[in-house]
Amino acid sequence: MHLYQQQTIKIHNSLTGKKEVFVPLNEGHIGMYVCGPTVYSNVHLGNCRTFMSFDMIFRYFKHLGYNVRYVRNITDAGHLVDDAEEGEDKIAKKARLEQLEPMEVVQRYTVDFHNILEKFNFLPPSIEPTATGHIIEQIEIIKEILEKGFAYERNGSVYFDVVKFNESHEYGKLSGRKLEDMIANTRELAAQDDKKSPQDFALWKNAEPQHIMRWPSPWGDGFPGWHLECTAMSTKYLGETFDIHGGGMDLKFPHHECEIAQAEACNGHSPVRYWMHANMLTLNGKKMAKSTGNSILPGEIFSGENDILSKPFSPSMVRFFMMQAHYTSILDISNDALLASEKGFNKLMEAIGSIKSLPEGKTTDFNVTEWKQACYDAMNDDFNTPILIAKLFDAVKHINLIKEGSETITASDKELLMQTMHDFTFDILGLENKQSSNVDSEKLSGVVELLIELRKEARENKDFATSDKIRDQLADLGIQLKDGKEGTTYSL
Ligand SMILES: [Zn+2]
């Protein structure tokens, strides 16, 4: 008997807006597709949160004994600067600005993406296909959509005919939009525009002579539209219908809506059974944006090299912080929130580390089996990690009472408690057992704070020789002090 036969999972399906009992298409097997990054810049912290949510979901399915095929793609062509299909390809633009080959841009930021995800302790997906590796498959799908009459060719480009599609299907059902409203709210097409209607989207774009990213096709040299790659790769690796499609909330429209339209036009039926969308991450209460300076990269959090946080935070700690919010809620990251979360993280790790040496008694003062099922219940309820973490802290409370001698636990319950704490904390939440280094970093943080305080006193006493000595010797050890309006902070 597999664990999954004992647990019933409910998933919030974005397509129906309801929490539904999850039943996979083939018993014991799950096909899951998640839209991956467009690799033209360092991976955004908000994107890390989205991928982390699906990593946790992937981990839970695997823990339950499911055979999961998890496909997360790399977008290395076709994603234009302006989502309204104007402007340059994001990767081609970066290549032009930095005088690189587009594939150099792709390589650089794919490596960065993998590095950061590894630090966050992600499991690799089963398949990580690229758009440029699937041009042939994309061309085949365009031919099929043309044949079915849901697309048209204009000057070497091929567009999806949304109005035609909407006559027999429902365009907008995922995002809850009506085509009539969309049409009423858009500007007139420019005279030189090849599209029949502003809602139509490109399946293939004709490449101008100066465009370097180009491939031959029946319609001339060009490149695929962004939405098409996900239809091509999900169909190829998961089939015409598969269990779960995930991504960030911002991809619901137009990206996922277009994916549905392409697949339905091609195959005559809906491609995905459960649509899942992860919510966004804000920084100090505001949307993250490089242009306003309200932005931080994952690497800058780990090193402390930033103007927003007072100290470095470890990847596992940041992962714990993100898991404290449900994946469908907006999460705000700030210095205070991270500091508070770090205390909890250290407390959890310390408690787990001490289970082994707990004294064994004749009775147990809490029902470990019931508590274990409560942990599963939290995860079964649409992967509710904040509730799960609250359950883990219920156990921490008992562990500490047993340590003090106020409660007791039997040897077999202790074994069950330890196994369950490990399963949920490390295997499912994906946190790492770096307990000793967490304690070390707490101690280091205390020592650095003490030296910052001593240096402040030295400066107040005009003892600049001492204050400079503290700063310089810390710098020799790789710890940089930074004086700001809010006091002195440090980075490693
Ligand atoms: Zn996609």
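These legends describe close-up views of a predicted model. Local features need pLDDT of at least 70 and side-chain atom pairs pLDDT 80 or more, while totals for chains, interfaces and linings use all residues. Residues are numbered from 1 along each chain as its sequence is written, and side-chain values use heavy atoms, with hydrogens and water left out.

**View 1. Helices H12 and H13 pack against each other.** H12 covers residues 368-380 and H13 covers residues 385-404. Helices here are DSSP runs (H or I, at least four residues), strands are runs of E (at least two), and both are numbered from the N terminus. The two helices meet at an angle of about 165°, with their axes 7 Å apart. That makes H12 roughly antiparallel to H13. Axes are lines fitted to C-alpha atoms, for helices over the stretch in contact, and angles run from 0 to 180 degrees between N-to-C directions. Under 35 degrees counts as roughly parallel, over 145 as roughly antiparallel, 65 to 115 as roughly perpendicular and the rest as oblique. The crossing is left-handed (the near helix is turned anticlockwise from the far one by less than a right angle; clockwise is right-handed).

**View 2. Side by side, the residues where H12 meets H13.** H12 brings Trp371, Ala374, Cys375, Ala378 and Met379. H13 brings Thr385, Ile387, Leu388, Lys391, Leu392, Asp394 and Ala395. Contact means heavy atoms within 4.5 Å. Nine of the contact residues are nonpolar, one is polar and two are charged. Ala, Val, Leu, Ile, Met, Phe, Trp, Tyr, Cys and Pro count as nonpolar, Asp, Glu, Lys and Arg as charged, and the others, Gly among them, as polar.

**View 3. Tyr4 and Tyr66 form a stacked aromatic pair.** The ring centres are 4.3 Å apart, with 15° between the planes. Tyr4 lies in the segment before strand E1 (10-13), and Tyr66 in the loop between helix H1 (45-63) and strand E4 (67-72), so the pair ties together parts 62 residues apart in sequence. Both Tyr4 and Tyr66 are buried (under 20% relative accessible area; exposed is over 50%, partly exposed in between; 1.4 Å probe, protein chains only). Rings of Phe, Tyr and Trp (its six-membered ring) pair if their centres lie within 6.5 Å; planes under 30 degrees apart are stacked, over 60 edge-to-face, the rest tilted. Ring pairs link Tyr4 and Tyr66 into a cluster with Phe22, Tyr60, Phe61, Tyr274, Tyr376, Phe383 and Phe424. The structure holds 20 aromatic pairs.

**View 4. Asp382 has a positive phi.** Its phi is about 55°, although Asp382 is not a glycine. Most residues other than glycine have a negative phi. Asp382 sits in the loop between H12 and H13. At 3% relative accessibility, Asp382 counts as buried.

**View 5. Gln99 also has a positive phi.** The value is near 50°. Gln99 is in the loop between helix H2 (90-98) and helix H3 (102-119). Gln99 is exposed, with a relative accessible area of 74%.

**View 6. A cis peptide bond joins Phe253 and Pro254.** Omega is about 0°. Most peptide bonds are trans. Pro254 belongs to helix H8 (residues 252-267).

**View 7. Leu358 is buried in a loop.** The loop runs between helix H11 (335-354) and H12. The relative accessible area of Leu358 is 3%. Beyond residues up to four places away in sequence, Leu358 touches Ile399, Ile402, Lys403 and Lys414.
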